[in-house]
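Here are my notes on this model, point by point. Please keep the structure open as you read.

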Amino acid sequence: MSEDNQQKSGYSVQEVLKKQDLTTPIYGLFSLAVLYTLYLAHEILLPIILALLLSMLLAPLVGKAERRLKVPRALSALVLMLMVIALIASVSYGIVKPLSEWADRAPNAIERIFTGESEMERQMDRFSDTAQQIEEEMDDVSEEDRPQPVVLQQESWQSQALERAQQTVFGLALALALTYFLLVSGDMLVKNLAMQMRRRRRQIFLRIVRSGQEQVARYLAVITTTNLSIGILTGLVAWGVGLPTPVLWGLVATLSRFIPYIGVILGVALLTVVSVATFDELWKIAIVPGSFMVMTSIVGFFIEPYIHGMRLAVNPVIIFVSIFFWGWLWGPVGVLLAVPLMTVIMVVVSHIPKLQPLSRVLRK
């Protein structure tokens, strides 16, 4: 570039290079700001994301009711939301009491598994002897020299769980309310937003929305149906073998399958611990976790791929990283949302030309 051209443009070579050198730090700071915002605003973002995913699952039903049966969207959406609320309420009512009872029994059950009753009694005897020795030594200390006891006020796990449950109910209520409005007016919002874009970007945006709805709705419908089926069958097996609170273990089997790979391992481990803590016979111990593992293997290897058809193939390493990342950022809810969010991300990057290389990297 000549000096005249540099003067005309108003920028020197050094200034251009400095601007280019600032690009990477700015992107890095922007990424950190996004992560901090996602973490800080999780109480608002999680209900919104849950509402978007739930509306994608239910939107096809609302659309079919409007086109074929001429049912207004407001009425069909209201009926669907009432059914969802009834399902959540019935499941919650059936598992709150059993979950509380198992939480109280958990320490004794784990102690029985790893140490046995006799070992626990020996440890308690040692603890009693040590406490008696300390008390005798403290008697020799004068009253004024005795240190004043410090009592730490700690909340019980019941109060902490109650506080957490209240936050969960509030967030779930927000998500369900937003889901209703998305089912009624979501399509109009998307059309109005698309009209504000240029034609090329409008086409890309509409393709992303349609493909995202299709992919996420198909994924959630298939995975929810199969997981509920496995959960119901696992609960029936637990009831048949005599495992207490079979509804709770059916729900555990259902939720664990929403987490690829890791969830199945955790589900089998938890069912095994509960069976060992409950039964003495080996066949009774093995039947519930074994049945869950067999059903999961059959569904995962044969039924789900056949129903999915052309599945959104994502590299397993990316799935693991996604589970760890969203779990670190948002906790257990983030773990459950990791795969649906990864599905949405794959749809977005596959439809944007500049992100095609990233799409090829993320695929198998």
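**Notes on the model**

1. T245 sits in the loop between α8 (199-241) and α9 (246-256). Helices are DSSP runs of H or I, at least four residues, numbered from the N terminus. Phi of T245 is near 50°, positive although the residue is not glycine. T245 is buried, at 19% relative accessible area. The classes are buried under 20%, exposed over 50% and partly exposed in between (1.4 Å probe, protein chains only).

2. The model is predicted: local features need pLDDT of at least 70, side-chain atom pairs need 80 or more, and totals for chains, interfaces and linings use all residues. Residues are numbered from 1 along each chain as its sequence is written, and side-chain values use heavy atoms, without hydrogens and water.

3. K70 also has a positive phi, near 60°, and is not glycine. Its place is the loop between α4 (42-68) and α5 (73-114). K70 counts as exposed, at 65% relative accessibility.

4. T179 belongs to helix α7 (residues 157-195). Is T179 buried or exposed? T179 is buried, with 0% relative accessible area. Its side chain reaches the backbone oxygen of A175 at 2.6 Å. Leaving out residues up to four places away in sequence, T179 touches A51, L54, S55 and M81; contact means heavy atoms within 4.5 Å.

5. L228, I232, L233, L236 and W239 make up a nonpolar surface patch, with about 560 Å² of accessible area together. Patch residues have over 30% relative accessible area and no salt bridge; like charges are joined within 9 Å, nonpolar side chains (Val, Leu, Ile, Met, Phe, Trp, Tyr) within 5 Å. A salt bridge puts a side-chain nitrogen of Lys or Arg within 4 Å of a carboxyl oxygen of Asp or Glu. Areas are Shrake-Rupley values with a 1.4 Å probe; for residues, only the protein chains shown count as cover. L236 is in helix α8 and is partly exposed, at 48%.

Note on methods. Helix = DSSP H or I, 4+ residues; strand = E, 2+ residues; numbered from the N terminus. Polar contact = N/O pair within 3.5 Å; in protein donor to acceptor, adjacent residues only side chain to side chain.
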